[in-house]
Amino acid sequence: MSANANFDAQYDELAALAAIFADSDKFEFSPLESADDDTDAGIGWQGHLLIDPAIPVPPLNVTFAADDGQHGTTVVAVQSLPNIELHFSLPAEYPTTAVTQLQMLSDWAPFAMLADMTAAAERTAQACLAVESPALFDVYEAVVQVWSTYLSSLADTDAGDGLAALRVDSREALKLVRDHDQSAQAAKLASEPFTCLICLETHPGESAVVLPECQHRFCRSCLVDFFTVLINEGMARKVKCPHPDCSAAPPSSSSATPVPAAASSSSEASDPTADVDLELASATHLLATHPIPPWFLDSLLGADLTSKFTTHYLSRAYASDPTMHWCPVAACGGPARGHSDTSTYAKLATCLRCQFSFCIHCSRAYHGSAQHCHLKNADEVVGEYFAAMELATQTARDRQLAPLFVKYGRTVVEALAKKREAEMKTMQNEAEGIPQAYMAMVDRFHRVDFRTHKWVRDNATACPKCGVRVIRTGGCAHMTCAICSESFCYHCGEVLGAGSHYSVPGTKCFRRMFD
């Protein structure tokens, strides 16, 4: 084939590709000057084809797992991916005696996938050279086939929600994928008008704010006002999509701060520091479970309100977890992961911030379960013991005394109580004419702290889900816990379902909704 014939074959191929991709900007080319001469026979071509890595059934999970062991795995669900560039250079001798020069470029694609695409493109180009045939469209189809095969191989890779997961090589690549997907979704929605369900007005699509997880749209001013009021009122757990049918909501209190595996496994019995999974219980993990991520709030509300949201949300999440405590180190005060009451290490808590391990009862450095806590005030201990012994049932008394015995030891507490009872009896016998002294001593044992605890126990109702006690100051008896959002009856503490709890004759709460 002559040089002119090569030029004609190249031009025909490029014209055909331009017609195929006429409705998009996926294909561009320009002349490539040869060093030999200035004739058409010495001119080649250069350009690029954009490969669209289509997702047949979106969304697709894109993940990145850090190697430092501190940041865990980040997962982003996307509807589309950025294009992959196929650059080509057609020398003047192409397609008869020279092969097209190819290069695959992408800022986000995994290196292994790009290597497979490059190999497939080069094999196809060599095969076309063997029959002196134009190769660009065949190369394009070969690369698309590699993507399809690669995507199919991800079907068995689960990222936690049953979706296939594409693993990228860097956090920067993950950010590029996320930013592209958001831009693509925004461009798609910008052409569609929407009705904001807060103000109930119709707005142009380009003015919408799209929530990242559920993709519901609202006008910016309404969403800013809605979230600002919730955050300023301390209702961080209510910061979620305002759409009435949206299922994207913060996790319940029982799942917000999951108990680390070390705290429930059998290895705990042999290793008191069977390292609590600090990453699992960290603020990063907790915020990652929220459907409104901090980066989105930051872009919408600014840094100050976002910081206030994270503080309130984490505080609520930690407060709803019975195994969470607070670090006694004055310079820290961070949340500390504890253990269950039945655990061998029920006294142990480890600060998630400074990793100080301490006793949850006396706040000193952890001293093991065999050594009892330092007794600071015998009067308080004896007062708690006497208050527990006044309870009506043995079960209630045992439940109240259990933590006291764990702290100081049963033998020590009972010995102190017997000693104090003897002192009280002696004083009563010796000073029967001065009952005020006796009553003053009794009152010293039942200090204000214990009377307060008893009043709270007698007058507040515990949430049946998280155990936090609430006191009603007005309104009806239908209570909603501020910590876990459980609905329950203030009178009896029962969870309120869809039925009418206050309309059943013969029950304790019959017609007492407003009592």
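These questions and answers go through a helix and several strands of a predicted model.

Visitor: What distance does helix α4 reach from its first C-alpha to its last?

Guide: Helix α4 runs over residues 171–190 and has 20 residues. At 1.5 Å a residue, the expected figure is 28 Å. The helix is close to that expectation, reaching 28 Å.

Visitor: Why are the buried residues of α4 on the same side of the helix?

Guide: The buried residues are Ala 173, Leu 174, Val 177, Asp 181, Gln 185 and Leu 189. They lie on the same side of α4 because around the axis they cover an arc of only 135°.

Visitor: Which residues are exposed on the other side of α4, and what covers the buried ones?

Guide: The cover over the buried residues of α4 includes β3 (60–65), β4 (73–78), β10 (208–210) and β11 (217–219). On the other side of the helix, the exposed residues are Glu 172 and Ala 187.

Visitor: Is Ala 184 buried, partly exposed or exposed?

Guide: Ala 184 sits in helix α4. Buried needs a relative accessible area under 20%, and exposed needs one over 50%. The relative accessible area of Ala 184 is 27%, so this residue is partly exposed.

Visitor: What separates the C-alpha atoms of Ala 184 and Pro 82?

Guide: Along the chain, Ala 184 and Pro 82 are 102 residues apart.

Visitor: Which residue in β14 stands opposite Ala 336?

Guide: Strand β13 (residues 335–337) runs antiparallel to β14, and two bridges join them. In β14 (residues 348–351), Leu 348 and Thr 350 point one way while Ala 349 and Cys 351 point the other way, all of them buried. The residue opposite Ala 336 is Cys 351.

Visitor: Which residue in the turn between β14 and β15 has a positive phi?

Guide: Strand β15 (residues 357–359) pairs with β14 in the antiparallel sense over three bridges. Within this pairing, Thr 350 stands opposite Ser 357. The two strands form a hairpin with five residues between them, and the turn residue with a positive phi, about 65°, is Gln 355.

Visitor: Which residue of β6 is the bridge partner of Leu 86?

Guide: Five bridges pair β5 (residues 84–90) with β6 (residues 101–105) in the antiparallel sense. The uncovered face of β6 holds Gln 101, Gln 103 and Leu 105, and its covered face holds Leu 102 and Met 104. Leu 86 has as its bridge partner Met 104.

Conventions: Residues numbered from 1 in each chain as written. Predicted model: local features only at pLDDT ≥ 70, side-chain atom pairs only at ≥ 80, totals over all residues. Heavy atoms only, no water. Helix = DSSP H or I, 4+ residues; strand = E, 2+ residues; numbered from the N terminus. Expected span 1.5 Å × (residues − 1). Buried < 20%, exposed > 50% of the residue type's maximum accessible area, 1.4 Å probe, protein only. Arc of directions from axis to C-beta. Contact = heavy atoms within 4.5 Å. Pairing = 2+ DSSP bridges.
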